[in-house]
Amino acid sequence: MSIPVFLQRVILQNYKSIGHCDVRLHPLTWLVGGNGAGKSNFLDALQLVSDALNGSLDNALNERGGINEVRRRSRGHPTHFGIRLEFHLPDGREGHFAFRIGALKNGGYEVQNEECIIGGIGRGPAYQVERGTLKHSSEPTFPAITSDRLALVAVSGTAAFRPVFDALASMRFYNLNPRLMRDLQTPQDGKLLKEEGENIASVIGHLQRVGDGQLDAIQEYLRIVVPMIHGVQRKQISSKETLEFRQDVGDSTPWRFEAQNMSDGTLRALGVLTALFQGNRDFAPSLVGIEEPETALHPAASAALREALTRASRQTQIIVTSHSPDLLDDTSIPADTVLAVVADQGNTHIASLDEASRDSMQKHLFSAGELLRLDQLQPDPNELEHQTRAPAPPTDM
């Protein structure tokens, strides 16, 4: 049984190559477009929110080169970017969190506006902040805030806003690096897989100890994607750790190989599956975004990977970027779960599929993969026109 969609709507303005974006998300959302179209920038906007809440806004911007590398470069030189996230909390309440960051002349930045509203205006917890000054709050007390930090971090200690902080801070995003997964690793906190998979041995070990079937699911799909692999486990080597794979080489007893002997495709497949099924009693991400999970995999593995993504999305919301016709070659993929991403003169456009593409998929005439091969997966022009007329976050729309 599917869980309610956590992140329901994402509105972006002037974020990197994205001038305007207003899209609805699903339990499993496919961001589909060619290389350089801007798919990664959409995920990065969501990751910036998570990074800013888990660390600081200053670090989140600096890791991306500063405010001038984040705000979109275009004619008119916009001096700000905005993000609005509409959500559904585990307790059933809906709301939104939005902010707009503006550049200052000295190369700095300020949070021009920020708001968090749960349950609707006047019906639940809410606050509105402007340039470090509290304009409205439903709560009798409010912590000190400044214009260079997100106020949600400051109010995360209150019962009213903690659920929003926890949900947004627990979004996780992955662009897996087989080299880091192959190296001997220093034992780390294994509750959650890190962005490039550099603590995957600790995560597998943690699931061995506290998991409730997650490792079984990971190994089940790994055996399908890489048929010779029988299983995987954490292995201690002095003060370091690595992964040990059991592989069928024709004998009655599987041989054992460490991660340094495994291919990029095998390690990436394990990383993707671990990202999908890592939720356990200690921690479960609210949303998982994965960059091109099909990379380095044989096309024959696409069906198993697609099934794993679908299964995982029944427990955790998933966003996938892809330009692989093989991964999308399934007529059961609903048309409304596919977002087309195209670039035009350096500007990224993201929207639901146009009417012709939706009609072809709904009538099962073509799969999304077949339409992609024909270069017929296009964004809805009417939706794109509406996006350009929408006001900037955090204004209500």
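Reader: How many cavities of 30 Å³ or more does the structure hold?
Author: The structure holds 2 cavities of that size. A cavity here is a set of points, on a 1 Å grid over the protein atoms alone, where a 1.4 Å probe fits but cannot get out. Grid points are joined across faces, edges and corners, and a volume is the space filled by probe spheres set on the points. This is a predicted model: local features need pLDDT of at least 70, side-chain atom pairs count only at pLDDT 80 or more, and totals for chains, interfaces and linings use all residues. Residues are numbered from 1 along each chain as its sequence is written, and side-chain values use heavy atoms, with hydrogens and water left out.

Reader: What is the volume of the largest cavity, and which residues are closest to its centre?
Author: The largest cavity has about 60 Å³. It is lined by 11 residues, and Ile 11, Leu 12, His 20, Gln 387 and Pro 391 are the closest to the centre. Lining residues have an atom within 4 Å of a point. Strands β1 (7-15) and β2 (18-24) each give two or more residues to this lining. Strands (E, at least two residues) and helices (H or I, at least four) are DSSP runs, numbered from the N terminus.

Reader: And the second largest pocket, what volume?
Author: About 270 Å³. A pocket is an open set of points with protein on both sides within 12 Å along at least five of seven lines. Of its 16 lining residues, Arg 172, Leu 192, Leu 193, Lys 194 and Glu 195 are the closest to the centre. Both α1 and β9 (171-174) supply at least two residues of that lining.

Reader: Switching to packing. Which residues touch the most other members in the largest nonpolar core?
Author: Leu 7, Phe 42, Ile 83, Phe 97, Tyr 127, Leu 152 and Leu 168, out of 58 residues. Helix α1 (residues 39-54) gives the largest share, 8 residues. A second, separate core has 57 residues, including Met 181 and Ala 275. A nonpolar core is a set of buried Ala, Val, Leu, Ile, Met, Phe, Trp, Tyr and Cys residues joined through side-chain atoms within 4.5 Å. Buried means under 20% relative accessible area, exposed over 50%, and partly exposed in between (1.4 Å probe, protein chains only).

Reader: What does Leu 7 touch beyond four places in sequence?
Author: Its contacts (heavy atoms within 4.5 Å) include Leu 25, Leu 46, Phe 87, Leu 168 and Gln 317.

Reader: Is Glu 110 buried or exposed?
Author: Glu 110 counts as buried because its relative accessibility is 14%. Glu 110 sits in strand β6 (residues 109-118). Its side chain makes a polar contact with the side chain of Arg 131 at 2.9 Å. A polar contact is a pair of N or O atoms within 3.5 Å; within protein, one must be able to donate a hydrogen and the other to accept it, and residues adjacent in sequence count only if both atoms are side-chain atoms.

Reader: How many residues of helix α7 are buried?
Author: In α7 (residues 200-210), 9 of the 11 residues are buried, among them Ile 200, Gly 205 and Val 210. The buried residues pack against α6 (178-182), α8 (214-225), β10 (229-237), β11 (240-247) and α9 (264-277).

Reader: How far apart are Gly 205 and Thr 388?
Author: They are 48 Å apart in space, C-alpha to C-alpha, and 183 residues apart in sequence. Thr 388 belongs to helix α13 (residues 381-389) and is partly exposed, at 48% relative accessible area.
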